[in-house]
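Hi,

Here is the structure I promised to pass on. Have a look at it first, then read my notes below.

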Amino acid sequence: MSAASKLLIFGGIALAVFGMLYGLHYALFVEHQTLDRMGGSLATAFTNAADRHMSEAHTAIAAYGATRYDYVRQVDVHSHWIGLAMLMIVLGVAIDHVAFGDRIRFWIALTLLVGSLVFPLGVLLQSESHGAAFASATAIVGAAIVTVALAAVVVGFARQSG
Amino acid sequence: MAVWEPPPIPPGGGQRGSAGSAVRIAPKDTPANIAATFPAMGARRLLVFGGIALIAGGMLFGDIFAVFVLHQNGGQTGEALLAASRAVAAQHPSGVKDAFGQIGSLLEDRGTKIDAHVHMTDAGYLALLLALIQPYVALSAGRKKFLAKLFLIGGVLLPLGIFLIHYVGVAYSPFSVIGWASILADSAGALLIIALIGELWGLWNHFRSMRVGAVEAELPEDRSWERRILLAGGTLLVLLGFLHGAWYAGTMLYEHEAMETRILNTMLDGASANNLTAAGRSVADYGALQAEKAVNIAAHSHIIEFGLLAILLSFVQPYVFLDAEWKRRWVTLLLAGSIILPVFVLLELKLGLVSGGIADIGGLMVIVALIGMLVGVLRYSGRLDAGPGASA
C-alpha cells in the first residue's frame, strides 16, 4: 500500500469517525431542540397572525429563519465531512491507478485531506458567526482545494494507459 | 489464537516469505487468480452481490417514489399551507394548529421515504466498500462471512423499518413516542454498527500485526477500458457535483434563505389582511422556492453518489462475466444515466414534467446497468462454482 493510499484511507477513516461523532453529538444534544424551535417558530408565527399580533408573528418568522440558517449548515457540515471521508477512502483504494509519480500522488492525497477538513470547517464557522467574511473565505478556500485535488485525480485516471 | 486463516495461494499468484507467512498477493488479470479472489459464498462475494442489489433496490424505490409520491406530496403540503393561511384570515388559531399537524404528517411521509431510499443505497455503497477492504480484514473466513451477513441483514431491515414508521406509528407500542417500526430501524442500525465495528477490529488486527501484506488475495490488477472509464468518469461526476454545490452555495443559498422568510412574512400579511389571493400567491411562491431548492440539492447529491458508485463498480469489473462489448454497454449506460438524471432534475423547473420523466429514465438506465452487471457477476460465480477450468 503506497503512502498516498495510506494517507487517504486512514485520513478518510479518521475524518469519517470525527464527522460521525460530531453528527452524533449534534443529534443527541442539539438537533431535536433545533427542530422543535424551528417548527414551533413557524406555528407560533401563524397563530400570532391569526390573533392579529403581527409584530410577534414577524419576530417568530425571523427566529425561524435564523434557526433554519444554523440547522442547514450544521447538517451540511456533518454530511460533507462524512461524504468527503467516504470519497477519500474509495480514492485511497484507487489512487495507485492515478497516472502520476508517487510524489505527486502523495501531494494530491494530502491536498484532498486538507481541503476535506477545511471546507466543512468554514461552513461550521458560518454557523457560529453569521455573515462573517472569514468563515465564507475558509469554506471557499477549502472547496477550491478539494476541486483542484479532484481535477488532478480525474486527469490522472484519464491519462492511465489501457 | 489465530484470528484469520492463511490465505489460499492461487497457482502462480503468490509467494512465500522467508518466515513462511503468505506475503502480498497482487493477482494479475488471469482467470485463475481472479477466481482466487472470489471464493464461493465468501464474505467478498456476499458483499458484492448484496451491495449491488441494495443499490439497485434503493434506486428503484427512489424512482417509484419520485413518480408516484413526491409531486403529489408537495401538492398536498401546499394545500395544507393554504389551509393554514385561510385559518389565519378567519382568525381561527385551532385551524392553524390542525393545518400544521397535517403538514407535519406529510413531511414525515416524505421524509421517511427519502430516508429509506438514501439508507438502502448508502448501505449498498458501504457493502461494496467493505468488499474492497476484505483483504485487510484479519479475521477468519467464517467470521468475515458472518459479519457480511449481519451487515446485509441490517442493510435490508433498516430502510424497511424507516419506510414503515409513517404507517405503523406507535400502534401496539409499549413506548409513548417510539413505535415498532422505529424499533426495527434502530435494531437494524445496531446490526450495521456491530458489523462495522467487527470489520474495524479486523483492520486493526491486520495493521497492528504487520506480519503479512494482505490476509487474502487482493483485488485483481485490472487495467481494462471499463475500469479506467469508470474511475475517470466517476471522479469527474464527483467533481461536477462538487462544483455545482459550490456554485449553488455561492450564488443561491443566501438568496433562497432570505426569500423564504420574505415569502412567509408576505403570506402572513396577506392572510391577516384577509387578502386570500395574495396569501395564495405567496403559498405558490413558497412551493416554487422549495422546489428550486430541492432540485438543486437532489442534482448535487445524486451526481456525487453516482460518481462514487462508478468508482466502486470499477473494482467489480473483473467479476463481471460478460464479453467486452456488453461490459462496455453497461458502463456507458451507467455513466449516461448518471449524467442524465441530475441534469434533467435541474431542468425540471424550466421544462416541467417532461424533464422529470427524462430524469426518471436516467435513473432507470442506471438501474438496468446495475442489474446487467449483477447478472454478469452471477454468471461469473456460476462458472466459478461449476468446476475447474470453467471460469475462463
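(Buried means under 20% relative accessible area, exposed means over 50%, and partly exposed is in between, using a 1.4 Å probe and protein chains only.)

Before going on, some ground rules. This is a predicted model, where local features need pLDDT of at least 70 and side-chain atom pairs count only at pLDDT 80 or more, while totals for chains, interfaces and linings use all residues. Residues are numbered from 1 along each chain as its sequence is written, chains are lettered from A and ligands numbered from 1 in the order in which they are written, and side-chain values use heavy atoms, with hydrogens and water left out.

**Chain B overall**

Chain B has 10 helices and 0 strands. (Helices are DSSP runs of H or I with at least four residues, strands are runs of E with at least two, and both are numbered from the N terminus.) Of the 392 residues in chain B, 51% are buried. The accessible surface of this chain is about 17,300 Å², and 68% of that belongs to carbon and sulfur atoms. (Those areas come from the Shrake-Rupley method with a 1.4 Å probe; for residues, only the protein chains shown count as cover.) If you take the contacts in chain B between residues at least 6 apart in sequence, 80% of them join residues at least 24 apart. (Contact means heavy atoms within 4.5 Å.)

**Salt bridges inside chain B**

A salt bridge here is a side-chain nitrogen of Lys or Arg within 4 Å of a carboxyl oxygen of Asp or Glu. Over all chains, the count by this rule is 7.

Back to R329(B): its side chain meets that of E325(B) in a salt bridge, at 2.6 Å from N to O. These two are about one helical turn from each other, because they sit 4 residues apart in helix α8 of chain B.

E226(B) and R328(B) also form a salt bridge, with their closest N and O atoms 3.9 Å apart. This pair links distant parts of the chain, 102 residues apart: E226(B) is in helix α6 of chain B and R328(B) is in helix α8 (residues 324–346). E226(B) is buried, at 5% relative accessible area, whereas R328(B) is partly exposed at 38%.

Then there is K293(B), whose side chain meets that of E260(B) at 2.8 Å, N to O, in another salt bridge. Here the partners are 33 residues apart, with K293(B) in helix α7 and E260(B) in helix α6 of chain B. K293(B) counts as buried at 10% relative accessibility, and E260(B) counts as buried at 2%.

**Where chain B meets chain A**

E260(B) turns up again here, in a salt bridge with R68(A) at 3.3 Å, N to O. R68(A), E260(B) and K293(B) are linked in a network of salt bridges. How many salt bridges are there between chain B and chain A? The count is 2. There are also 10 residue pairs in polar contact between these chains, with both residues at pLDDT 80 or more. (A polar contact is a pair of N or O atoms within 3.5 Å; within protein, one must be able to donate a hydrogen and the other to accept it, and residues adjacent in sequence count only if both atoms are side-chain atoms.)

Which helix of chain B gives the most to the side that touches chain A? That is α6(B), with 22 residues. In total, the contact takes 49 residues from chain B and 47 residues from chain A. The two chains bury about 4,200 Å² between them, 74% of it on carbon and sulfur atoms. (Buried area is the accessible area, with a 1.4 Å probe, that two parts lose on being put together, summed over both.)

**A nonpolar patch**

On the surface, L60(B), I64(B), V67(B), F68(B), L364(B) and V368(B) form a nonpolar patch with about 530 Å² of accessible area together. (Patches are made of residues with over 30% relative accessible area and no salt bridge: like charges are joined within 9 Å, nonpolar side chains, meaning Val, Leu, Ile, Met, Phe, Trp and Tyr, within 5 Å.) The elements giving two or more residues to this patch are α2 (43–89) and α10 (353–386) of chain B. α2(B) gives the most, with 4 residues. L60(B), which lies in α2, is partly exposed at 41% relative accessibility.

**One residue in chain A**

Finally, find S41(A) in helix α1 (residues 3–50) of chain A. S41(A) is buried, with a relative accessible area of 9%. Leaving out residues up to four places away in sequence, S41(A) touches A60(A), A63(A) and Y64(A).

Cheers
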